[in-house]
Amino acid sequence: ALITKEVYSSLFLGILVGCFLQVNGNPIDAFQFFVSHLCSNAGGNMGILMFLVILGTMVALMIRAGGSKAYGDWAVSHIKTKSGALWSTFILAIVLGVDDYFNNLTTGNVMRPVTDGHHISRAKLSYMCDATAAPVCIMMPVSSWAAAVTGIIGNEEVGFQIFLKAIPYNYYAILTLVFIVVMTCLNIDYGPMRKHENNAAKGDLYTTPERPFAGVEEMKFNPNGKVIDLVLPVLVLVGCCVGSMVYVGYQNGGTDLITAFANTSAFDALPLGSLVALIFTMIFFMVRRAMSFTELMDCLPNGFKQMVPAILILCLAWTIGDVTKALGAPEFVADLVSKFGPGLKNFLPAVVFLIAAFLGFATGTSWGTFTILLPIVIPVFSGGIPAADLTSELINGNDMLMIAIAATLGGAVMGDHCSPISDTTIMASSGAQCYHLNHVATQLPYAMTVAVVCFANYILASFIQNVVINLAIAIVCMVVVLLVIGKLNHSMNRHSQRD
């Protein structure tokens, strides 16, 4: 994909190779295997696909009503600097941290006019969305991610305690946010992102010839649109989606807010909440006379067309993940983890971090990765006791267990974060309207930088085992690395100017 710059055929080829391996080379069986997995994924994930289409429709409605243009004009006049635009994006992504799908799509769509106005590349906006979404979600106690981890552990009370106790050791999530803060404060860019940002400063937001969303903003819009035409629908969308997650959680057996989030399903809640928000938005625009009924209906196919690239890539990405699992990749990785003996326990969290990152990258799913690894990793550090049988007494004071669990969660997020077949990576590209492979290529050096610092700190943490000292060392290491990179960048700039 990185060589051909074409993601659809590359994903299809990968799936095809996996299908032939699965059926020992029989072309008819390979085709049937491919179709069955593609159809089952499209059907099984229909809620997310519906949410994508509804969100695309809402974006089309807000553009047509003039809300996006009015908000963009307001934001450009009030947010005076490039760093201000980046800080606004970062803060909004943190506020929307209850679900990564919702976060990536909403943050990109809302902040795109602002970042465009300050000549921030689409690749940088995609990175800001993607790098904030999953790291915030994996540390947010009231989120779909906390519910997923608790469910995998299989013990509601202890599972939630484990999730909370592992947060300070989740270095990838914490250091990614530190990375964004320092990068924004010091205006540091390197690797392919530096080229994209330099080109954006000259007016080219895309850099490469591929710009699948370049004409979206050219659709007709109401010149009398107001800022409220964007702000109110977005607020209603946020409220409805969060409310529907709580509602679905209660329907599935939740008894309070925490257990409601533990029992919710984003696949059911997000389309329900977004549909309510869509109906409200249509009624609101008709009451405000911002759009006629015919114009409202015209936005339905426009919104769907806008999301077709993301839907196609998602379906193919889900399918290649299924094919990889069918070929036995999870069992292979599990066997690798189990081979490390007690004598290597102090190095095992760092190794687990690498394995989780590799599996997350290969399958494109962080949830799938820690679903596979947590039941394997926990008994290694709990004296052979399975995850579902853990008690509060067993986890209190067991820092190595918390370090290993955090390494599993952080590695899974890292692999998913920079995987070209990850659904969240695809949604970050879609929300920011960035060419997908540009987002992957520019994000990878940043993710790898944080991952290297995390790997070193998991080794240190295994020997020191003090949550405060370990976290302080990790943050200092991340800041120092970025300061060195910034200094090297400054030196390179001076040399290039001299030449």
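How many aromatic pairs does the structure hold? This predicted model holds 12 aromatic pairs. The legends below describe close-up views of selected sites.

**Figure 1. Aromatic pair of Tyr190 and Tyr446.** The two rings are tilted, with 45° between the planes and 4.8 Å centre to centre. Tyr190 lies in the loop between helix 10 (171-186) and helix 11 (192-201), whereas Tyr446 belongs to helix 22 (residues 436-464). The pair thus links distant parts of the chain, 256 residues apart. Both Tyr190 and Tyr446 are buried.

**Figure 2. Aromatic pair of Phe353 and Tyr458.** This pair is tilted, at 5.5 Å centre to centre and 40° between the planes. Because Phe353 is located in helix 17 (residues 348-363) and Tyr458 in helix 22, the contact ties together parts that are 105 residues apart in sequence. Phe353 has 1% relative accessibility and counts as buried. Tyr458 is buried as well, its relative accessible area being 0%.

**Figure 3. Cluster of aromatic rings around Tyr127, Phe179, Tyr190 and Tyr446.** Ring pairs link these four residues, Tyr127, Phe179, Tyr190 and Tyr446, into a cluster. Among the pairs of the structure is that of Tyr190 and Tyr446, which is tilted.

Figure 4. A search of the whole structure finds 0 disulfides. Cys241 counts as buried at 1% relative accessibility.

**Figure 5. Cys434, a buried cysteine.** The relative accessible area of Cys434 is 3%, so this residue falls under the 20% limit for buried residues.

Terms used: Residues are numbered from 1 along each chain as its sequence is written. This is a predicted model: local features need pLDDT of at least 70, side-chain atom pairs count only at pLDDT 80 or more; totals for chains, interfaces and linings use all residues. Side-chain values use heavy atoms; hydrogens and water are left out. Rings of Phe, Tyr and Trp (its six-membered ring) pair if their centres lie within 6.5 Å; planes under 30 degrees apart count as stacked, over 60 as edge-to-face and the rest as tilted. Helices (H or I, at least four residues) and strands (E, at least two) are DSSP runs, numbered from the N terminus. Buried means under 20% relative accessible area, exposed over 50%, partly exposed in between (1.4 Å probe, protein chains only). A disulfide is a pair of cysteine sulfur atoms within 2.5 Å.
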